[in-house]
Amino acid sequence: ALSLLKECSGSDFIIDARNGFEDDPVDVEWGFKILLPAMGKTGCARCVMIMNEVNDIEGEMDMWTREFKKYFQVLRVSSLEEALERLKKARK
């Protein structure tokens with residue numbers, strides 16, 4: 001994903017987060033200290049997270065959302081169709 005964001009500066013990033021992210025402490029540290037700062041330098045302004053409406057991993061996703069918000073506008077949606085529609089409105 002990072003390589004694509006570098007190649008396509010100004011792109012938006014959609015994440016299917018319905019199953020959460022890795023919560024291994026080493027993966028979280030890498031994501032927060034290396035991946036997200038690098039992604040923040042690509043020109044990407046918006047990140048959309050597709051999530052289930054009823055979510056048993058809400059605490060984990062709140063943690064990741066806070067970190068993503070340091071670099072991007074974050075939108076949370078429940079489907080790809082909703083993600084695309086929200087991005088279309090955000091670009092206007």
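1. Some ground rules. Residues are numbered from 1 along each chain as its sequence is written, and side-chain values use heavy atoms, leaving out hydrogens and water. Since the model is predicted, local features need pLDDT of at least 70 and side-chain atom pairs pLDDT 80 or more, while totals for chains, interfaces and linings use all residues.

2. Let's start with the rings. Rings of Phe, Tyr and Trp (its six-membered ring) pair if their centres lie within 6.5 Å; planes under 30 degrees apart are stacked, over 60 edge-to-face, and the rest tilted. That rule gives 4 aromatic pairs. Phe32 and Trp64 make an edge-to-face one, 4.9 Å centre to centre with 75 degrees between the planes. Phe32 sits in helix 2 (residues 25-40) and Trp64 in helix 3 (residues 58-68), so this pair ties together parts 32 residues apart in sequence. (Helices are DSSP runs of H or I, at least four residues; strands are runs of E, at least two; both are numbered from the N terminus.)

3. Phe32 is buried at 18%, and Trp64 is buried at 7%.

4. Next, Tyr71 and Phe72 form a tilted pair, 6.3 Å centre to centre and 55 degrees between the planes. Tyr71 is partly exposed at 30%, whereas Phe72 is buried at 5%. Ring pairs link Phe32, Trp64, Phe68, Tyr71 and Phe72 into a cluster.

5. Now the core. A nonpolar core is a set of buried Ala, Val, Leu, Ile, Met, Phe, Trp, Tyr and Cys residues joined through side-chain atoms within 4.5 Å. The largest one has 17 residues, and Phe68, Phe72 and Met49 are among those with the most contacts inside it. Strand 1, helix 2, strand 2 (46-50) and helix 3 each give two or more residues to this core. Helix 2 supplies the largest share, 4 residues. Apart from it lies another core of 6 residues, including Val48 and Leu87.

6. Skipping residues up to four places away in sequence, Met49 touches Trp64, Phe68 and Val77, among others (contact means heavy atoms within 4.5 Å).

7. Finally, which element gives the largest share of the lining of the largest pocket? Helix 2 does, with 6 residues.

Key. Buried means under 20% relative accessible area, exposed over 50%, partly exposed in between (1.4 Å probe, protein chains only).
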